Amino acid sequence: MTHYQFPAFSRVLHWLMAVMILAMLFIGIGMVASVTEYHWLLSIHRPLGIAILVLAAIRLLNRLVRQSPPLPNGMPTTMRFAAHGSHVLLYALMFAVPLVGWAMLSAARYPVVLYGAIHLPPIAPQSDQLYSILRTAHTALALTLFALFLAHFGAALVHRLVFRDGVFESMASLRSGRRER
Amino acid sequence: MSEYENPRPHYRLWPPSPETITSLVTIGIAVACIAAGFAYVGGYLTPQRLTQARIIDRFEQINGVHPGFRRNHAKGVCIAGTFDSNGNGTALSTAAVFEKGTTPVTGRFAVAVGKPFVPDNETEVRSMALSFRLRDGEEWRTGMNDIPVFPVRNAQAFYEQMLAARPDPATGKPDPSRMQSFLAAHPETAKALQAIKARPFSTGFANASYNSLDAFRFVNGAGVSTPVRWSMEAVDPFVAEGQAGVNKSSPTDVNYLFDDLIARLAKGSVQWHLVVTIGTSDDATADATVAWPETRTRLTLGTLTIDRIATEAPGNCSDVNFDPLVLPAGIAPSDDPLLSARSATYSNSFRRRAAEAKTPSEVQVPNVTKGASP
Ligand code: HEM
Ligand code: HEM
């Protein structure tokens, strides 16, 4: 008998990105509230955010080509809906937050510096109003992502501690792949 | 066939077993701890922490809110021209702007007050902000003032000094006792203000020299990092204000600084030499209140030529944040705490003004001025 589990590559991506995104949320909220730490935090924020964007693309492709384990049989419809819906939203935000970050810097006509001379081209026209809208959107979307992360984290623990339905283990197991037991 | 460990998981939470309650409470606490950590890092639990938003709030508290304008250096005009590098800088920095050749520049002249309609004679500090557009899309922005040193060492002192120097609404003048107690706590500011007061004013923007004040680091191809401060030194001969018969206290024109600049540019381009002062290990890089010794090596890296001037308008310098930490590879920040503070504060000022409706600038450049809009 084997147990449902995400493929190892999916699990690696999931945990790597979980750490990166959580770090980014803390870096982001911390840098805009600190005059002394602002610069070095922002210098990490840009390349780390772009790395998340790249990984999100890889992850979406991986998700589309590889089978994900089904949800447990007895799971109520509303819970399934909440699970799928929140995962779609998480994917959307993994793209939207860094893309909006990049676009807002473009609209403000800042060079989008990643490291040293390495920088990205602008992806939005220079415009004060556009910057202003995107800057507000970056905050709103990042805060939504944080709220969704909290819900996701809480739900994962409920699966583990209350439902004990194996959903937590399907992502959290360290086993290398599907193995007979 | 694959399956889940527990073939019959229970999804019913009601009525909850004591075990379920314990689990849910534990999870709730874990989630709340992360949320609280986030709120703490974001400064929501520490209202007394000095943040960029609070510094800009204080600017607004002192100067009023002038929608669409910079919260400091609010009255200004856009300029453009070129920088011709003589190649001397390549020994110190890999930045492409220092290779022999020409780099396009846009910029802004301003007076260092947060009121966009302040009469020029009520101002004491003038500024030149520049954006060098390097090849391959890199950029170097710098904001310089025509004072020899900066009055404060860090953002906290800046914040306190703003309040100490705030004019009393009753008298229109700062309360001397407040300033005295600030200076008693900040002897470095007292010293810096002496040096600032001792400097003669130039008659205008064109014959003033502007200083980075903050220290930076030039990094060359071998990875050697050199502490530097830079200046734009006027080629137009310096004339002290009183000397030329311009009486600071009763000017005939509230925009005389800007109008003189427009008139000067109508006659031809204006030039400055970019001069870097090379610091040694004895020189403080983290203290902009202290001048480096006169004996330090000074190197001329090129000439700035300004030949165009235009009213602030959407799309030109008015939409640029002259963040001093927009730097190309080869120029790095020093440990001067003012740098990160400026970057953070300017960003907040920029964010607020970008969201606001624009009022026409006090400084209007007549169309007769030659050249295209910067
Ligand atoms: C998953 C990726 C990202 C997350 C989770 C994230 C999160 C955040 C957060 C929470 C803030 C603070 C918002 C506020 O309270 O106002 C922020 C600000 C910011 N982010 Fe991001 N961000 C991401 C990607 C990016 C990217 C890719 C860029 C640019 C290339 C970027 C540039 C910025 C900038 C410039 C600021 C504001 C700085 C200021 O206004 O002074 N972010 N981000
Ligand atoms: C912590 C100390 C400082 C604070 C809080 C501060 C604050 C500000 C603010 C809010 C602006 C308007 C930014 C914008 O909306 O684009 C500004 C502009 C400027 N600041 Fe500072 N500043 C500080 C230190 C300095 C220093 C050390 C210099 C050194 C030369 C300097 C030079 C300038 C210049 C040249 C501008 C005008 C740029 C332009 O014309 O757009 N500031 N400052």
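**A quick tour**

Start at the surface of chain A: Phe9(A), Val54(A) and Ile58(A) make up a nonpolar patch there, with about 250 Å² of accessible area together. Keep in mind that this is a predicted model. From the patch, we move on to an iron site and then to a disulfide.

**The surface patch**

- Ile58(A), one of the patch residues, sits in helix H2 of chain A, which covers residues 38-65.

**The iron site**

- Two histidines, His45(A) and His138(A), coordinate the iron atom of ligand 1 through their NE2 atoms, at 1.9 to 2.0 Å.
- His45(A) belongs to helix H2 and His138(A) to helix H4 (residues 128-163), both of chain A, so the pair ties together parts that are 93 residues apart in sequence.
- The iron atom of ligand 1 has 6 donor atoms around it, and their angles of 87 to 178° make the arrangement octahedral.
- For six octahedral donors, the ideal angles are 90 or 180 degrees.
- His45(A) is buried at 12% relative accessible area, and His138(A) is buried at 13%.

**The disulfide**

- Over all chains, the count comes to 1 disulfide.
- Cys78(B) and Cys317(B) form a disulfide, with 2.1 Å between their sulfur atoms.
- Cys78(B) lies in strand E2 (residues 75-85) and Cys317(B) in the loop between strands E10 (298-310) and E11 (331-333) of chain B, so the pair ties together parts that are 239 residues apart in sequence.
- The link of Cys78(B) and Cys317(B) is left-handed, with -80° about the S-S bond.
- Cys78(B) is buried at 0% relative accessibility, and Cys317(B) is buried at 5%.

How values were computed: Residues are numbered from 1 along each chain as its sequence is written. Chains are lettered from A and ligands numbered from 1 in the order in which they are written. This is a predicted model: local features need pLDDT of at least 70, side-chain atom pairs count only at pLDDT 80 or more; totals for chains, interfaces and linings use all residues. Side-chain values use heavy atoms; hydrogens and water are left out. Patches are made of residues with over 30% relative accessible area and no salt bridge: like charges are joined within 9 Å, nonpolar side chains (Val, Leu, Ile, Met, Phe, Trp, Tyr) within 5 Å. Accessible areas come from the Shrake-Rupley method with a 1.4 Å probe; for residues, only the protein chains shown count as cover. A salt bridge is a side-chain nitrogen of Lys or Arg within 4 Å of a carboxyl oxygen of Asp or Glu. Helices (H or I, at least four residues) and strands (E, at least two) are DSSP runs, numbered from the N terminus. Donors are N, O and S atoms within 2.8 Å of the metal (3.2 Å for Na, K and Ca); water is not among the atoms, so sites may look incomplete. Four donors count as tetrahedral if all angles lie between 85 and 135 degrees; four count as square planar and six as octahedral if opposite donors are over 155 degrees apart and all others between 65 and 115; anything else is irregular. Buried means under 20% relative accessible area, exposed over 50%, partly exposed in between (1.4 Å probe, protein chains only). A disulfide is a pair of cysteine sulfur atoms within 2.5 Å.
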